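Student: I have a model open and would like to go through it with you. Can we start with the strands and then move to the side chains?

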Amino acid sequence: QVQLVESGGGLVQAGGSLRLSCAVSSERTFSRYTMGWFRQAPGKKREFVAGTNWSAGSTPYADSVKGRFTISRDNAKNTVYLQMDSLVPEDTAVYYCTATLKKTYSSRTYNDVSWYDYWGQGTQVTVSS
């Protein structure tokens, strides 16, 4: 059984920063998992934000967050992070952490919500103008 628990969401003013964390509980070694962050705004589809392979050597980003968000992981702590800087109101959404044991060399695969196997419950991020 795999459990993903997000934390770090909240209310922030435009231009501010937040860091999301996702702690993973699993019988398998955390470093075996490919990890991702998605978000879903009200009335919209869940969309890819960022992903990371086991070593963080491959970290694709959505164009809308490139240069502002940074994904990282600490395999010793079984945790993946999403540092969000220069936040704008359009970043307001529920942010979800996700994981899969599958591997890919294609950045586009990270974008596919159906490719992942495990999901957290989500954490709300609200950016005020």
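Student: What is the strand order in the open sheet of four strands?

Tutor: The order is β1-β3-β7-β6, and the pairing is antiparallel. Strands here are DSSP runs of E of at least two residues, numbered from the N terminus, and two strands pair if DSSP finds at least two bridges between them. Keep in mind that this is a predicted model, where local features need pLDDT of at least 70, side-chain atom pairs count only at pLDDT 80 or more, and totals for chains, interfaces and linings use all residues. Residues are numbered from 1 along each chain as its sequence is written, and side-chain values use heavy atoms, with hydrogens and water left out.

Student: Which are the edge strands?

Tutor: β1 (3-7) and β6 (69-74), each of which pairs on one side only.

Student: How many bridges join β3 and β7?

Tutor: Six bridges, in the antiparallel sense, between β3 (residues 18-25) and β7 (residues 79-84). L20 stands opposite L82 in β7.

Student: Switching to rings. How many aromatic pairs are there in the whole structure?

Tutor: A search finds seven. Rings of Phe, Tyr and Trp (its six-membered ring) pair if their centres lie within 6.5 Å; planes under 30 degrees apart count as stacked, over 60 as edge-to-face and the rest as tilted. One of the pairs is Y33 with Y118, edge-to-face at 6.3 Å centre to centre and 80 degrees between the planes.

Student: Where do Y33 and Y118 sit in the chain?

Tutor: Y33 is in the loop between β3 and β4 (34-40), and Y118 is in strand β9 (residues 118-119), 85 residues apart.

Student: Is Y33 buried or exposed?

Tutor: Y33 counts as buried because its relative accessibility is 0%. Y118, at 26%, counts as partly exposed. The cut-offs are under 20% relative accessible area for buried, over 50% for exposed and partly exposed in between (1.4 Å probe, protein chains only).

Student: Why is the W115 and Y116 pair called edge-to-face?

Tutor: The ring centres of W115 and Y116 are 5.2 Å apart and the planes are at 80 degrees, so the pair gets that label. Both residues are buried. They also belong to a cluster linked by ring pairs, together with F38, F48, Y110 and W119.

Student: Which charged end sits over the ring of Y96?

Tutor: That of R46, 3.7 Å from the ring centre. R73 has its charged end over the ring of F30, 4.5 Å from the centre. The test is NZ of Lys or CZ of Arg within 6 Å of the ring centre and within 35 degrees of the ring normal.

Student: Now T100. What does its side chain make a polar contact with?

Tutor: The side chain of D117, at 2.7 Å. A polar contact is a pair of N or O atoms within 3.5 Å; within protein, one must be able to donate a hydrogen and the other to accept it, and residues adjacent in sequence count only if both atoms are side-chain atoms. T100 lies in strand β8 (residues 93-100) and is buried at 0% relative accessibility.

Student: Last one, G120. Which residues does it touch?

Tutor: Not counting residues up to four places away in sequence, G120 touches L4, E6, Y96 and C97, where contact means heavy atoms within 4.5 Å. The C-alpha atoms of G120 and L4 are separated by 4.6 Å, although the two residues are 116 apart along the chain.
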